[in-house]
Amino acid sequence: MPHATATFNGKTIADTDTYEFVEGNVYFPPSSVDQTIFTPSEHHTYCPWKGQASYNNIVVDGKEAKDAAWYYPETITDRAMPLKDSFAFYKTKVDVKVE
């Protein structure tokens, strides 16, 4: 599996060789993500096969990306189970690379 990274404001915030790739998004396992740069968001969205997504803002060296990371604390189908608690990032806000 290719290596995946996520970078924001010059800082690598996620780095892994094991991830899920779904609907064009890399879902990073929680252990591969620097969650200390997250602040909670009130934003939520709903997917009919994954469930309700919770969002986090990202703050690095004073620069903030609102609602830039999301995850599914609970999944509603067996198909979505591998995504539970894994983080994905908006590619318009975070530089996500798979190499």
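**Labels and what backs them**

Guide: Let's start with E23, which is in the loop between β3 (20-22) and β4 (25-27). Keep in mind that this is a predicted model.

Visitor: What makes the phi of E23 worth a remark?
Guide: E23 has a positive phi of about 50°, and E23 is not a glycine. Most residues other than glycine have a negative phi.

Visitor: And why is E23 called exposed?
Guide: Exposed means over 50% relative accessible area. E23 comes in at 54%, so the label applies.

Visitor: Which loop holds D61?
Guide: D61 lies in the loop between β6 and β7. D61 also has a positive phi of about 50° although it is not a glycine.

Visitor: Is D61 buried or exposed, and how do you know?
Guide: The relative accessibility of D61 is 74%. The cut-off for exposed is over 50%, so D61 counts as exposed.

Visitor: Now T5. Why is that one called buried?
Guide: Buried means under 20% relative accessible area. T5 has 16%, so it counts as buried.

Visitor: Where is T5, and what is it in contact with?
Guide: T5 is in strand β1 (residues 4-8). Leaving aside neighbours within four places in sequence, T5 is in contact with A14, D15, F28, D95, V96 and K97. One of these, D15, is also the bridge partner of T5 in β2.

Visitor: How do you know that β1 and β2 count as paired?
Guide: The rule asks for at least two bridges between two strands. β1 and β2 have five, in the antiparallel sense, so they pair.

Visitor: Which sheet does β1 belong to?
Guide: An open sheet of three strands, with the order β2-β1-β9 and antiparallel pairing.

Visitor: What makes β2 and β9 edge strands?
Guide: β2 (11-16) and β9 (95-98) each pair on one side only. From one strand to the next, the twist in this sheet averages 15°.

Visitor: What is the strand order in the sheet that holds β6?
Guide: That open sheet has four strands in the order β5-β6-β7-β8, with antiparallel pairing. Its edge strands are β5 and β8 (88-89), since each pairs on one side only.

Visitor: How do you know that β6 pairs with β5 and with β7?
Guide: Count bridges again: the rule is at least two. β5 (residues 38-47) and β6 share seven, running antiparallel, and six join β6 to β7 (residues 63-71), also antiparallel. Both counts meet the rule, so β6 pairs with each of them.

Visitor: Which residues stand opposite each other there?
Guide: Among them, Y46 has Q52 in β6 as its bridge partner, and Y55 stands opposite W70 in β7.

Visitor: How many residues lie between the strands of each hairpin?
Guide: The β5 and β6 hairpin has three residues between its strands. The hairpin of β6 and β7 has two, and that is where D61 takes its positive phi near 50°.

Visitor: Last one. Why is β6 called largely enclosed?
Guide: Eight of the ten residues of β6 (residues 51-60) are buried, so the strand is largely enclosed by the rest of the structure. Buried here is again under 20% relative accessible area.

Technical notes:
Residues numbered from 1 in each chain as written. Predicted model: local features only at pLDDT ≥ 70, side-chain atom pairs only at ≥ 80, totals over all residues. Heavy atoms only, no water. Buried < 20%, exposed > 50% of the residue type's maximum accessible area, 1.4 Å probe, protein only. Contact = heavy atoms within 4.5 Å. Axes fitted to C-alpha atoms, helices over the stretch in contact; angles between N-to-C directions.
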